[in-house]
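Tutor: Let us examine the terms used for this model one by one, setting each value against its definition.

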Amino acid sequence: MSNSFIKNTVMTLTRQISGILLGLLASIIIARSLGPEGNGLYQLIVLLPTTLMTLLNFGVGTSSVYYVGQNKYEIKDIIKTNTASGIVLSLVSIIIGFVVVMFFSEKFFEGVPQDYLYIILMIMPLLMLNEFYLVIFQGVQDFKSYNSLALLRQLAALISLVLFIFLLQIGLVGTVIAFTVGVITQFAVTLFLFKKSLKTNLLAGKISRDYFKDSFSFGFKAHFSNVLSFINYRADIYLISMFLNPAAVGLYGVAVSIAERLWIVSQSISSVLYPVISSSNDIESKNKLTSIISRNVLFFSILAGIVFYFVSDLIFRILFGAAYDESSDILKMLLPGIILFSVDRILSNDLAGRGKPELNMYTSIFTVVSNIILNFLLIPKVGIAGAAVSTSVTYSLSTVIKIVLYKRETGVAYSKLVLLQKEDMALFKQLINKAVKRK
């Protein structure tokens with residue numbers, strides 16, 4: 001692995017850890033201040049714009065990273081074209097959102113006042129543009145700016161949350177405003193970094209028809225996969241709301257947010273891996289890099305999962321209070337799928353970087369259908385435990401299928417993707433010896 005890859009990964013991992021701490025603190029404040037029901041209402045409110053953004057961004061962000069890595073178009077033209085695409089797509093999102101709230105809010109957003117849902121839709125343009133702009137820094141491998149923007153959004157939201165809940169005491173309204181402040185802050189600082197780091201702005205460049213066509217052509221294949229993955233991630237939340245109540249959403253949402261912290265390493269590495277794979281033509285090096293990352297991420301995810309299993313009761317009791325005791329059991333059910341899915345994330349970004357996003361799409365079609373069917377069968381019978389089992393099973397299925405597809409595409413042996421090798425043990429031994437000598 002190159003020094004720059006390791007440096008960018010460590011930088012991103014550090015940001016992820018900081019983000020986790022900020023996000024965890026925000027989750028604790030919201031969970032304790034609003035209780036399970038209020039927490040569930042908040043999650044449903046912010047789920048509306050994030051769902052619309054995921055469903056309607058058409059993979060522009062993913063294709064931006066790919067084409068920046070390919071150096072096919074000028075950065076200023078990509079930014080200008082992304083801006084036009086973001087504005088149009090966000091307006092479409094708002095219209096669709098209004099229709100959903102008007103006719104389906106009682107079914108999918110039970111207990112949530114419609115006014116909250118209408119108001120939160122107004123941040124769609126900034127939410128969409130933030131997504132399309134952030135990936136530009138990822139594409140040029142400016143991970144300092146990339147990580148700073150993501151972290152700043154969380155920090156701004158947390159500070160606002162403390163102000164609105166503890167000082168102004170406006171509860172649910174305050175949490176929604178804090179979410180909005182985070183989005184606005186990220187957008188404002190992004191414009192500043194465009195000028196400082198990339199020496200450009202929104203007025204520079206031109207709308208490129210060729211890039212527009214390429215971005216939607218490439219992006220659509222990745223987008224369909226991302227949409228299915230998102231549905232696989234969040235279908236359970238909607239179905240819990242449909243079959244149960246906001247309090248159940250709150251209990252389940254907290255468990256999921258803690259369990260997904262296990263993805264910290266795979267998320268960090270994936271963010272760096274995608275642009276590296278996209279810009280490299282050395283197939284052997286790509287195969288070796290991804291296989292090393294895949295098996296080591298799985299190994300450390302298993303170790304972390306074991307720790308999570310035994311300390312989960314204590315974590316929820318101390319951080320969230322007795323009202324969230326049931327969330328600990330849900331987390332334990334989620335762990336097997338969460339652990340295995342860390343490998344899926346690595347392989348998915350590698351395949352997308354090779355220009356094969358359709359392989360991720362095929363996997364997602366199968367797993368999302370399986371997840372929805374299992375949720376429909378299990379949630380009415382066993383409640384939120386059914387959602388946890390469904391999610392864990394489908395994450396595991398997705399990983400197994402992705403490993404098989406990756407093996408067929410690259411020829412890399414299964415053992416090299418999931419089992420530690422002698423070279424890994426030698427590296428661990430070397431690192432331990434260095435650490436001992438320093439003492």
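Tutor: Residue classes come first: Ala, Val, Leu, Ile, Met, Phe, Trp, Tyr, Cys and Pro count as nonpolar, Asp, Glu, Lys and Arg as charged, and the others, Gly among them, as polar. By these classes, the lining of the second largest cavity has seven nonpolar, one polar and three charged residues. The model is predicted, so that local features need pLDDT of at least 70 and side-chain atom pairs count only at pLDDT 80 or more, while totals for chains, interfaces and linings use all residues. Residues are numbered from 1 along each chain as its sequence is written, and side-chain values use heavy atoms, with hydrogens and water left out.

Student: What makes a space a cavity, and how many cavities of 30 Å³ or more does the structure hold?

Tutor: On a 1 Å grid over the protein atoms alone, a cavity is a set of points where a 1.4 Å probe fits but cannot get out; lining residues have an atom within 4 Å of a point. The structure holds two cavities of 30 Å³ or more. The second largest cavity has about 40 Å³ of space, a volume being the space filled by probe spheres set on the points, which are joined across faces, edges and corners. Among its 11 lining residues, Val256, Glu260, Ile338, Thr391 and Tyr395 lie nearest the centre. H8, helix H9 (246-259), helix H12 (325-353) and helix H14 (384-410) each give two or more residues to this lining; helices are DSSP runs (H or I, at least four residues), numbered from the N terminus.

Student: What makes a space a pocket instead, and how much space lies in the second largest pocket?

Tutor: A pocket is an open set with protein on both sides within 12 Å along at least five of seven lines. The second largest pocket has about 420 Å³ of space. Its lining comprises 18 residues, with Thr51, Leu55, Phe108, Ile231 and Tyr238 nearest the centre. Helix H1 (3-56), helix H3 (75-108), helix H8 (209-243) and helix H13 (357-382) each supply at least two lining residues, and H8 gives the largest share, seven. By class, this pocket lining has 16 nonpolar, one polar and one charged residue.

Student: Why are H3 and H5 called roughly antiparallel?

Tutor: Axes are lines fitted to C-alpha atoms, for helices over the stretch in contact, and angles run from 0 to 180 degrees between N-to-C directions. H3 and H5 pack at about 150°, with axes 8 Å apart. Angles under 35 degrees count as roughly parallel, over 145 as roughly antiparallel, 65 to 115 as roughly perpendicular and the rest as oblique. H3 and H5 are therefore roughly antiparallel. Their contact (heavy atoms within 4.5 Å) has 13 nonpolar, six polar and no charged residues.

Student: What makes a crossing left-handed or right-handed?

Tutor: A crossing is left-handed if the near helix is turned anticlockwise from the far one by less than a right angle, and right-handed if clockwise. H5 passes H6 in a left-handed crossing, whereas H3 passes H5 in a right-handed one.
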